[in-house]
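Subject: Structure for your review

Hello,

I am passing on the structure we discussed, with notes on what was found in it. Please look it over before reading on.

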Amino acid sequence: MSALHPNLQTLPDPAAALQAVLARHRTDPHQLVQILRELQALRGWLPREDLSRVAAALGLTLAHVEGVAGFYRFFHTDRSVPTVCCSATTSPTACWALMP
């Protein structure tokens, strides 16, 4: 299984996807939140490397872009691993259906 978000598996290159998003918004710094939303939709999270590329393309500092990404709760700047509770009080059959 790929470590990338399922939507990215159809794209030839994550960097190309980033460039496409930036081109669509004409590297307008006022579109930062929308750019981050689209990138997160592709990857499932926002890696620091992508934030750095966005900052350079928009003429912003990395601190500014990271600050925006950190301010909004719907942005994920770290890859989180979901946990599944398999205790007796939850439905064990549903639990094991989620496990690989």
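This is a predicted model: local features need pLDDT of at least 70, side-chain atom pairs count only at pLDDT 80 or more; totals for chains, interfaces and linings use all residues.

I started with helix α2 (residues 32–43) and helix α4 (residues 62–71), whose axes come within 11 Å and cross at roughly 70 degrees. Angles of 65 to 115 degrees count as roughly perpendicular, and α2 and α4 are therefore roughly perpendicular to each other. The crossing of α2 past α4 is right-handed. On the α2 side the contact is made by L32, V33 and L36, which meet H64, V65, V68 and A69 of α4. Of the residues in this contact, six are nonpolar, one is polar and none is charged.

Which residues of α4 are buried? They are V65, V68 and A69. Viewed down the axis of α4, these buried residues fall within an arc of 95 degrees, so they line one face of the helix. The exposed residues A63, G70 and F71 sit on the face of α4 turned away from that buried side. The cover over the buried residues of α4 includes α2 and α3 (48–58).

Helix α3 has its own buried set: D50, L51, V54, A55 and L58. Down the axis of α3 they fall within an arc of 140 degrees, so they too line one face of their helix. Among the elements covering them are α1 (14–24), α2 and α4. Just after α3 comes G59, which has a positive phi of about 75 degrees.

Regards

How values were computed:
Residues are numbered from 1 along each chain as its sequence is written. Side-chain values use heavy atoms; hydrogens and water are left out. Axes are lines fitted to C-alpha atoms, for helices over the stretch in contact, and angles run from 0 to 180 degrees between N-to-C directions. Helices (H or I, at least four residues) and strands (E, at least two) are DSSP runs, numbered from the N terminus. Angles under 35 degrees count as roughly parallel, over 145 as roughly antiparallel, 65 to 115 as roughly perpendicular and the rest as oblique. A crossing is left-handed if the near helix is turned anticlockwise from the far one by less than a right angle, and right-handed if clockwise. Contact means heavy atoms within 4.5 Å. Ala, Val, Leu, Ile, Met, Phe, Trp, Tyr, Cys and Pro count as nonpolar, Asp, Glu, Lys and Arg as charged, and the others, Gly among them, as polar. Buried means under 20% relative accessible area, exposed over 50%, partly exposed in between (1.4 Å probe, protein chains only). The arc is that of the directions from the helix axis to the C-beta atoms.
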